[in-house]
Amino acid sequence: MPSGGTKIAMAGLMSLAGLSLGGCATEDYVNKHIAVVNDRVSALEARVQQVDSNAQAANQAAQAAMGAAQNANQRLDQLTARVDAIEQRLMRKPARN
């Protein structure tokens, strides 16, 4: 027959073992929760791809607009020089009265 101290030690070990096993999750429980997380990750990945695609399209449009603006500025610079030349010629001509 075990002594009183041994009985207490055994009871403590049994209680500890019961508590530690009670905290274990079943494989089904884990799989269900992992599935929820995986669904969220998949949805976020799809959204990130969509946002990335939109950002690339916006970047391409911005680059095209920048090219058009540079072209317009070059043409404006050419026209400004021509207008200045015409104004100088007109200033040299005598006024008609």
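Mentor: Methionine 10 lies in helix H1, which covers residues 4-22, a helix being a DSSP run of H or I with at least four residues, numbered from the N terminus. This is a predicted model, in which local features need pLDDT of at least 70 and side-chain atom pairs count only at pLDDT 80 or more, while totals for chains, interfaces and linings use all residues. Residues are numbered from 1 along each chain as its sequence is written, and side-chain values use heavy atoms, with hydrogens and water left out.

Trainee: What makes aspartate 28 and lysine 32 a salt bridge?

Mentor: A salt bridge asks for a side-chain nitrogen of Lys or Arg within 4 Å of a carboxyl oxygen of Asp or Glu, and the closest N and O atoms of aspartate 28 and lysine 32 are 3.5 Å apart, so the pair qualifies. Both residues lie in helix H2, 4 residues apart, about one turn of the helix, and by this rule the count comes to 1 salt bridge.

Trainee: Why is lysine 32 called exposed?

Mentor: Exposed means over 50% relative accessible area, buried under 20%, and partly exposed in between, with a 1.4 Å probe and protein chains only; lysine 32 has 52% and therefore counts as exposed.

Trainee: How many of the 97 residues of the protein chain count as buried?

Mentor: The share that counts as buried is 0% of the 97 residues.

How values were computed: Helices (H or I, at least four residues) and strands (E, at least two) are DSSP runs, numbered from the N terminus.
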